[in-house]
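Reader: I am new to this structure. Could you show me how to read its features, one at a time?

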Amino acid sequence: MADRAYTAAKPNPPPAMANGGGNGATASFPAPKSQMYQRPIYRPQAPAKRRRGRSCRCNFCCCFCWALLVVILLALVAAVAGGAFYLLYRPQRPSFTVSSVRLTALNLSSSATAPVLTDSIQLTVTAKNPNKKLVYFYDDFSFSAATAANGIPLGDGSVPGFAHAAGNTTIFTATIAATGVSVDPNGASSDIKKSGKFSVAVDAETHAGVKVGSLKTKKIGIQVHCEGITVTSPRPAPPPPKAVKLKNGTVLASAPAPVESDTTATVSTAAHSCKVRVRVKIWKWTF
């Protein structure tokens with residue numbers, strides 16, 4: 001059996017040789033180092049944007065810390081100044097006492113649905129300034145009165161303001177009146193007694209400031225509340241005298257009996273201490 005001879009297959013040319021035939025130049029294989037290590041073309045890029053969130057947070061934290069430190073320092077300074085002022089002057093609130101009260105007029109209509117009240121109350125108030133170095137100066141006082149049980153209003157009044165010197169006692173009078181005021185029929189019938197005694201409460205409001213030497217402070221609100229005051233209804237006026245007719249037809253009118261003011265209104269001289277409350281207003285809130 002004769003041996004067959006196989007011719008060797010033609011080897012495939014390298015890619016460089018196969019593709020470089022168009023220019024007539026023969027590419028070398030392997031490629032030289034100048035072609036293998038080519039430096040890439042430099043293309044400048046835009047700088048990366050910084051994050052502003054972190055810097056804003058840092059600035060906010062710094063501002064908050066500085067503001068908190070300033071507030072703490074101001075609070076410490078105010079506390080030290082207040083303590084020094086208290087130790088030097090020992091400030092005390094003024095005191096008010098209702099030394100006498102008199103119900104001079106009282107008229108309540110007998111309507112069952114809409115009774116009308118007309119009355120007049122005279123007060124004598126004693127104000128004391130217990131401080132030795134502080135002077136109080138008041139605005140006008142506004143007074144009001146109501147029954148103690150159901151709060152039926154009995155009128156209002158005002159008193160001019162005054163300067164209250166250190167260690168001074170001032171006595172002034174106030175008149176609280178109501179004319180033709182409609183009141184609650186249920187509360188008025190049980191609280192207001194046309195004959196006898198009933199309890200009332202008196203309130204007064206004003207603004208007061210403090211003067212220390214030549215320094216004056218800003219005025220703040222003061223509320224005075226007096227309770228446990230008993231008033232007595234005035235006695236009714238005596239009836240007019242009856243005319244006397246003589247036998248000859250002559251009519252003689254007897255002279256009226258003299259009526260003193262003390263017989264128509266009873267004065268209560270029992271002293272009633274009042275509570276003094278300081279009212280501070282911060283923006284929309286009053287404390």
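Reader: Which side chain makes a polar contact with the side chain of histidine 225?
Author: A polar contact is a pair of N or O atoms within 3.5 Å; within protein, one must be able to donate a hydrogen and the other to accept it, and residues adjacent in sequence count only if both atoms are side-chain atoms. Here the partner is the side chain of glutamate 227, at 3.3 Å. This is a predicted model, where local features need pLDDT of at least 70, side-chain atom pairs count only at pLDDT 80 or more, and totals for chains, interfaces and linings use all residues. Residues are numbered from 1 along each chain as its sequence is written, and side-chain values use heavy atoms, with hydrogens and water left out.

Reader: Where is histidine 225 placed?
Author: Helices (H or I, at least four residues) and strands (E, at least two) are DSSP runs, numbered from the N terminus. Histidine 225 sits in strand β10, residues 220-232. The chain has 5 helices and 17 strands.

Reader: What does histidine 225 touch, not counting residues up to four places away in sequence?
Author: Contact means heavy atoms within 4.5 Å. Histidine 225 touches Ala201, Val202, Asp203, Cys274 and Lys275, with residues up to four places away in sequence not counted. Take lysine 275: it is 50 residues apart from histidine 225 along the chain, yet their C-alpha atoms are separated by 5.2 Å. Now the chain as a whole. Of contacts between residues at least 6 apart in sequence, 71% join residues at least 24 apart.

Reader: Is histidine 225 buried, exposed or partly exposed?
Author: Buried means under 20% relative accessible area, exposed over 50%, partly exposed in between (1.4 Å probe, protein chains only). Histidine 225 has 27%, so it is partly exposed. Buried residues make up 24% of the 287 residues in the chain.

Reader: How many disulfides does a search of the whole structure find?
Author: A disulfide is a covalent bond between the sulfur atoms of two cysteines. The cut-off used is a pair of cysteine sulfur atoms within 2.5 Å. The search finds 1. It joins cysteine 226 to cysteine 274, S to S 1.8 Å. The link is right-handed, with 105° about the S-S bond.

Reader: Which parts does the pair tie together?
Author: Cysteine 226 lies in strand β10, and cysteine 274 in the loop between β14 (272-273) and β15 (275-279), so the pair ties together parts 48 residues apart in sequence. Both cysteine 226 and cysteine 274 are buried. Cysteine 61 is in no disulfide; its nearest cysteine sulfur, that of cysteine 65, is 6.5 Å away. Cysteine 61 is partly exposed, at 43% relative accessible area. Cysteine 65 is in no disulfide either.

Reader: Is serine 233 buried or exposed?
Author: Serine 233 has a relative accessible area of 5%, so it is buried. It lies in the loop between β10 and β11 (243-245). Its contacts, not counting residues up to four places away in sequence, include Leu103, Leu106 and Phe198.

Reader: And leucine 154: where does it lie?
Author: Leucine 154 lies in strand β5, residues 153-159. At a relative accessible area of 2%, leucine 154 is buried. Among the residues it touches, not counting those up to four places away in sequence, are Leu117, Ile176, Phe198 and Val200. The C-alpha atoms of leucine 154 and serine 144, 10 residues apart along the chain, are separated by 7.4 Å.
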